[in-house]
Amino acid sequence: MKKIFLISTILFLAHLHVFAQNKLPKNLKQVVIYLDKDCPDSIKIQIKNTLQDSLIYTVYPFAKTKTYKDYRTIFNWTSENGNPKITKYLNKKGIFDYHSEVLLYSFQQYLINGKIKEKDILSKYIKFQKQLDDKNKIKYITDTINKVYIPKDLQDCFVQINTFWNDSIKAKVKTLEEDEFIGKVHLGFGMWMRNNWQLWGVSRLSKYFNDLNIYHPDDMSGIILISYHRHLNNREIRLEEQVKYYQDYWANAKKTELKGKTESFSKYKIGDTLEYSYPKGFVSKEQEDKYDKDICIAKGIITERNKKDFLIKVKIIETCDKKGIIYYDNDGDMIYDPKTKRSSRPPKRIIKKIKHNKEQWFDYKSWEPR
């Protein structure tokens with residue numbers, strides 16, 4: 001089941017050689033510059049001349065023609081194991097479901113106009129995201145989405161699968177070993193369930209699994225398929241055991257992530273000189289333009305380390321703007337209210353800057369070793 005994540009990681013790492021000499025893009029202006037260097041001319045023409053609603057079909061994984069199927073850069077950036085800089089950037093802007101679409105539309109505008117209006121593009125997709133979120137509120141309680149009945153729980157899934165498969169198919173399924181059955185249907189019928197029962201999106205079935213603390217669609221479909229196979233063979237489903245398996249998997253994944261983070265943090269030593277990556281934006285348009293041209297470099301020296309929270313205190317020794325650099329901006333942040341059980345944006349935008357010769361604590365990822 002987890003081979004999917006390994007394959008995605010391998011595909012992404014294999015593609016990174018294209019950008020070995022560059023930093024991964026962290027805003028839309030950098031995205032279009034990178035894509036302009038990376039994208040074949042034939043695909044540029046296709047993207048430039050395609051209607052916005054169909055842009056997603058010009059590149060992998062939705063393209064139907066081989067040439068376009070092979071162009072994976074945007075997918076590699078926006079997939080689960082992709083470029084965290086650009087996905088976090090879009091998430092902080094309030095765009096969670098349109099990452100690939102934003103990048104493709106930005107690139108199209110760049111190809112047509114030779115430049116992009118980043119603020120206008122972001123506003124456009126923030127609006128789309130709000131419309132989608134409003135629709136999703138209804139999906140949690142409705143029994144039918146896009147004319148497809150959505151099961152309400154595991155037993156209801158069995159009822160629906162029984163209507164899809166006749167007796168001969170079910171007899172064949174019963175003869176298969178559990179792992180063999182899962183291997184045969186995960187990418188076929190399993191994908192159908194994940195897509196049509198809205199396990200990737202929002203549905204009453206995805207909420208049923210969320211309430212069990214199961215959040216990944218592959219895990220949901222895996223539990224459905226294993227449970228159905230056991231149901232057909234009159235075996236105990238052992239739902240709690242299955243749930244624990246996936247919870248343990250993600251707990252171990254977090255440990256692995258923590259280990260990797262600890263190893264990365266260990267490379268940051270007191271006295272090291274670093275370069276700032278501007279994760280919170282820029283103090284001026286001039287600073288942003290210079291950064292896009294790789295001529296705006298802010299440098300700092302580590303003066304203290306906080307191993308528990310992965311923080312470094314940095315003394316600023318160089319900026320390309322007398323206003324300094326932005327180290328805090330709550331734009332795009334969401335504040336969770338435990339009383340209302342809802343998240344909302346801060347009532348007031350707060351931006352904090354730091355100038356030359358001053359010290360400040362930062363997340364270590366905000367700085368890159370020289």
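Buried here means under 20% relative accessible area, exposed means over 50%, and partly exposed sits in between, with a 1.4 Å probe and protein chains only. The model is a predicted one, where local features need pLDDT of at least 70, side-chain atom pairs count only at pLDDT 80 or more, and totals for chains, interfaces and linings use all residues. Residues are numbered from 1 along each chain as its sequence is written, and side-chain values use heavy atoms, with hydrogens and water left out.

**View 1. The whole chain, for orientation.** The chain has 16 helices and 11 strands; these are DSSP runs numbered from the N terminus, with helices being H or I of at least four residues and strands being E of at least two. Its C-alpha trace spans about 75 × 50 × 40 Å along the principal axes. Of the 370 residues, 42% count as buried. Taking contact as heavy atoms within 4.5 Å, residues 24 or more positions apart make up 69% of the contacts with a separation of 6 or more.

View 2. Ile138, Tyr140 and Ile141 make a nonpolar surface patch of about 340 Å². Patch members have over 30% relative accessible area and no salt bridge, with like charges joined within 9 Å and nonpolar side chains (Val, Leu, Ile, Met, Phe, Trp, Tyr) within 5 Å. Isoleucine 138 belongs to helix α8 (residues 118–139), and its relative accessible area of 55% makes it exposed.

**View 3. The cis peptide at proline 61.** Tyrosine 60 and proline 61 are joined by a cis peptide bond, with omega about 10°. Look for proline 61 in the loop between α3 (41–48) and α4 (66–69).

**View 4. Two positive phi angles outside glycine.** Lysine 147 isn't a glycine, yet its phi is positive at about 70°. It sits in the loop between β1 (144–145) and β2 (148–149) and is exposed, with a relative accessible area of 84%. Glutamine 198 also has a positive phi, near 60°. Its loop runs between α12 (189–196) and α13 (204–210), and at 13% relative accessibility glutamine 198 counts as buried.

**View 5. Serine 366 and its contacts.** Serine 366 is in the loop between β10 (359–363) and β11 (367–369). This serine is buried, with a relative accessible area of 12%. Set aside neighbours within four places in sequence, and serine 366 touches Glu275, Tyr276, Ser277 and Pro279.

View 6. Glutamate 236 lies in the loop between α14 (217–232) and α15 (239–265). From glutamate 236 to valine 31 is 205 residues in sequence and 51 Å in space, C-alpha to C-alpha. Lysine 293, in the loop between α16 (285–292) and β4 (299–306), counts as exposed at 62% relative accessibility. Lysine 293 and glycine 271 are 22 residues apart in sequence, and their C-alpha atoms are 28 Å apart.

Terms used. Accessible areas come from the Shrake-Rupley method with a 1.4 Å probe; for residues, only the protein chains shown count as cover. A salt bridge is a side-chain nitrogen of Lys or Arg within 4 Å of a carboxyl oxygen of Asp or Glu.
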